[in-house]
Amino acid sequence: MELSRFPAYLAGRLVKAAIVVLAIVVCNFLLIHAAPGDPASIIAGQSGAADARFLEQLRAQFGLDQPLYVQLWLYLKGVLTLDLGFSHRQQASVASLVWDRLPATLLLTGAAFVFAIVLGVTMGALAARRVGRWSDSVITVLALAFYATPLFWVGLMLVLLFSVTLEWLPSFGMMSVGVELSGIGKVLDVAKHLLLPALTLGLFYVAVYARLSRATMLEVADQDFVKTARAKGVPEGRILRRHVLRNAMLPVITFAGIQAGQLVGGSILVETVFAWPGIGRLAFEALLARDYQVLMGVFFCTSVMVVLFNLITDLLYAVVDPRVEVS
């Protein structure tokens, strides 16, 4: 990568990212407003005053009496200033609700992502080095089992085993309720609560990275430069680390960048099973309550993260592989 081209490349990618996020925001707005259900009717029903006059007042207050293009324009102006609206169900701004829940989701998805990468690549490397042996078969079977098992079933079985039967780990929440902790005690308490949901979310992706790492390492191991290194007497461990593994990581990095954004969406199910207070659970609760402003705020946040993950992946790809040039 030529450093002189980097600023122009980064600026161009940021402009494209902004256009993509804008298109996603517009699509989310139109799709949510096309869904059945009237938020004003739901709010009126919850307040116990669902007469026609009160409904008209609510629609005027929320801007629902305006044409759709006017509502879209007002929402886009708010997004540009990071004003994502107001949740009348929770009596708080959408930006504050998302911001309060975002660290929990990033902690969960980050832990699951690191766990999946490390364990998946390790399993794939072991399977590729011992291809055709019993250990390769065991790793392949485990990877297929992890991939085919539904996330919610894995979560429930882990809760049944480690929380109900063995009583080793807590089954829900992010911290212990009714206990005042600080410092290292608080960190350990959060880590205990994090273990089961991160394991549940990461196991599916462990299978993906294990299979991908195995396939790419076997393909790279058959290349001429690897055969030349063996002919020169280079130790097998060094060949695996310096030649095979590094070149085999390029497809894994590309796939990991895509999967990093999907982890945020996949966390909705896991956060619901384990009552983890993240934006996935916030989106689920907002969907049940027809809180469309919160839903659009969560979708905006996740779309920004997906675009940023893809940009970071492109930059890492160029760093890992010197042959990639920025154009």
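Me: What percentage of the 327 residues in the chain is buried?
Reply: First, this is a predicted model, in which local features need pLDDT of at least 70, side-chain atom pairs count only at pLDDT 80 or more, and totals for chains, interfaces and linings use all residues. Residues are numbered from 1 along each chain as its sequence is written, and side-chain values use heavy atoms, leaving out hydrogens and water. Buried means under 20% relative accessible area, exposed over 50% and partly exposed in between, with a 1.4 Å probe and protein chains only. In this chain, the buried share is 37%.

Me: Which pattern does the chain follow along the sequence?
Reply: Helices (H or I, at least four residues) and strands (E, at least two) are DSSP runs, numbered from the N terminus. The chain has 12 helices and two strands. Reading along the sequence gives α-α-α-α-β-β-α-α-α-α-α-α-α-α.

Me: Is S93 buried or partly exposed?
Reply: S93 sits in strand β2, residues 92–93. Apart from neighbours within four places in sequence, S93 is in contact (heavy atoms within 4.5 Å) with G85 and F86. Its relative accessibility is 30%, so S93 counts as partly exposed.

Me: How far apart in space are T122 and Y209, C-alpha to C-alpha?
Reply: T122 belongs to helix α5, residues 94–129, and is partly exposed at a relative accessible area of 41%. In sequence, T122 and Y209 are 87 residues apart. In space, their C-alpha atoms are separated by 9.1 Å.

Me: What word describes how α7 and α8 lie to each other?
Reply: Helix α7 (residues 151–165) and helix α8 (residues 184–221) pack with their axes 9 Å apart, at an angle of about 140 degrees. Axes are lines fitted to C-alpha atoms, for helices over the stretch in contact, and angles run from 0 to 180 degrees between N-to-C directions. Under 35 degrees is roughly parallel, over 145 roughly antiparallel, 65 to 115 roughly perpendicular and the rest oblique. The two helices are therefore oblique.

Me: How many residues of the contact of α7 with α8 are nonpolar?
Reply: On the α7 side, the residues include L151, V154 and F162, and on the α8 side they include L196, L199 and F204. Ala, Val, Leu, Ile, Met, Phe, Trp, Tyr, Cys and Pro count as nonpolar, Asp, Glu, Lys and Arg as charged, and the others, Gly among them, as polar. Three are polar and none is charged, while the nonpolar ones number 10.
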